[in-house]
Amino acid sequence: MKIVAARLIVCSPDRNFVTLRIDTDEGIYGLGDATLNGRELAVVAYLEEHIIPCLIGRDPFATEDIWQYLYRGAYWRRGPVTMTAIAAVDVALWDIKGKALKTPVYNLLGGKSRQGALVYAHANGSDIPSAIDSVKKHIAEGYQAIRVQCGVPGVLSSYGVPKGDKPYEPAERGLPSESVWSTEKYLNFVPKLFEALRIEIGEDIHLLHDVHHRLTPIEAARLGRSLEPYHLFWLEDPTPAENQEAFRLIRQHTVIPIATGEVFNSFWDAHDLVRNQWIDYLRMTIVHGGGITALKKAADFAAVYQVRTGFHGATDLSPVTMAAALHLGMAIHNFGIQEHMPHSPLTDDVFPHAYRFEEGYMHPGDAPGLGVDLDESLAAQYPYQRAYLPVARTLDGTLTDW
Ligand code: EZ4
Ligand code: CO
């Protein structure tokens, strides 16, 4: 089998998605997600100008060799644009492999290790009562694990809280909006939120929280310690992780489980975190971390240190990535949990898929390959629109981590 063509489909069914389609001489094609939120067209150019010409004529089954060719062969290693482009190729090739062999991709990665993938939903509210309502709504839908974000009194537009009555979506069309941040108000407020939640919903539901890189290590340690009575499933991105050593300090002070890695693009971003057991869950994702080939190795390395996976799964990761994450999550032994932020009905129509949600778990389905398609004529009705993630400033106007 040979690769005969590859092209990008850029569309915006409620939000932007970049999809790579690779075609073979046997009529089988594969899809890969190439969406890098807020920097979409950089990946399109990288693929169109620099990668696609090198793919034509290659054997699509050679996932390892093609990965190495694109990674080592570029000389310039790593970086989110490069690794998203490599991921798109890699995932499309695994899709082709599965379709050609007439089996779901999870069978090519080790086979099913579990019945389904435990997922967590996003609950949010502008204040504690509305956050509690949102959690109860998700429990009623069957979720057994729920991330909770809440507006902080005195802080305009906190992370994870929708502005209107539409579901929370981090990217916004137009130029970047600005939000305000106060660490002091946040640190005083969050324990009250989780105290109220445990009183209202009891002990059984898993609760999670995303700090979104906004604290220093010692502030994160204080938060972790103050949340211990409410036994969270995890505290996510407590501090930025460029300095992996920062997590040592958090670990010295609190037993709260720690998750990080959604912005990582290489396992080297996580190497110290994992081998020192400074984290409990690795959130690297297939689309930004170099594809199934790279994430399988990362997960296997993490397994040696009893670190489990918690792949990023926000709406900016397309249904193709959700499927890829579920196939890999079904197969590896150290799967932990999968983020599930449902796509809009329109996005789901553009990407018909075999995966499904049932009673707190997701299932990748048994279609050959990844089990996701792209309705190109529908996609064409929703062209790309420039969009960005917001930026954040502290109360005195200093730019801070969003
Ligand atoms: O801000 O996916 O845990 N989920 C997150 C997401 C990220 C977005 C960035 O594109 O932190 O909401
Ligand atoms: Co996050």
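**Entry 1: a bridge across the chain**

I began with Glu376, which forms a salt bridge with Arg7, the closest N and O atoms being 2.9 Å apart. My cut-off for a salt bridge is a side-chain nitrogen of Lys or Arg within 4 Å of a carboxyl oxygen of Asp or Glu. This pair links distant parts of the chain: Glu376 sits in helix α13 (residues 376-379) and Arg7 in strand β1 (residues 3-11), 369 residues apart. Helices (H or I, at least four residues) and strands (E, at least two) are DSSP runs, numbered from the N terminus.

I then looked up accessibility for both partners. Glu376 counts as partly exposed at 28% relative accessibility, and Arg7 counts as partly exposed at 37%. For the record, buried means under 20% relative accessible area, exposed means over 50%, and partly exposed is in between (1.4 Å probe, protein chains only).

A note on the ground rules: this is a predicted model, where local features need pLDDT of at least 70, side-chain atom pairs count only at pLDDT 80 or more, and totals for chains, interfaces and linings use all residues. Residues are numbered from 1 along each chain as its sequence is written, chains are lettered from A and ligands numbered from 1 in the order in which they are written, and side-chain values use heavy atoms, with hydrogens and water left out.

How many salt bridges does a search of the whole structure find? I got 19 salt bridges.

Another one I looked up joins the side chains of Arg15 and Glu169, at 3.2 Å from N to O. This pair also links distant parts of the chain, 154 residues apart: Arg15 is in the loop between β1 and β2 (17-24), and Glu169 is in the loop between β5 (145-150) and β6 (172-173). Arg15 is buried at 7% relative accessible area, while Glu169 counts as partly exposed at 23%.

I also noted Glu245 and Arg248, whose salt bridge has its closest N and O atoms 2.7 Å apart. Glu245 is partly exposed at 39% relative accessibility, and Arg248 is partly exposed at 37%.

**Entry 2: the whole fold**

I counted 13 helices and 18 strands in the protein. Its radius of gyration is 20 Å, close to the 21 Å that the globule rule gives for 402 residues, so the protein is as compact as a globular protein of that length. The radius is taken over C-alpha atoms, and the globule rule is 2.2 Å times the number of residues to the power 0.38.

Along the principal axes, the C-alpha atoms fill a box of roughly 60 × 45 × 40 Å. Buried residues make up 58% of the 402 residues. Of the contacts between residues at least 6 apart in sequence, 72% join residues at least 24 apart; a contact means heavy atoms within 4.5 Å.

Thr19 lies in strand β2. Is Thr19 buried or exposed? Thr19 counts as buried, at 0% relative accessibility. Not counting residues up to four places away in sequence, Thr19 touches Arg7, Leu8, Ile9, Leu31, Gly32, Phe351 and Leu374.

Tyr361 is found in strand β15 (residues 361-363) and is partly exposed, with a relative accessible area of 31%. Leaving aside neighbours within four places in sequence, Tyr361 is in contact with Gly116, Ala117, Leu118, Gln144 and Arg356.

Ser134 belongs to helix α5 (residues 128-140) and counts as buried at 12% relative accessibility. Beyond its neighbours within four places in sequence, Ser134 is in contact with Ala123 and Asn124. I also checked Ser134 against Trp67: they are 67 residues apart along the chain, and their C-alpha atoms are separated by 42 Å.

**Entry 3: positive phi**

Most residues other than glycine have a negative phi. Here are two I noted with a positive value.

His231 has a phi near 35°. His231 lies in the loop between α7 (217-227) and β9 (234-236) and is partly exposed at 36% relative accessible area.

Asp237 has a positive phi of about 40°. Its place is in the loop between β9 and α8 (246-253), and Asp237 counts as buried at 0% relative accessibility.
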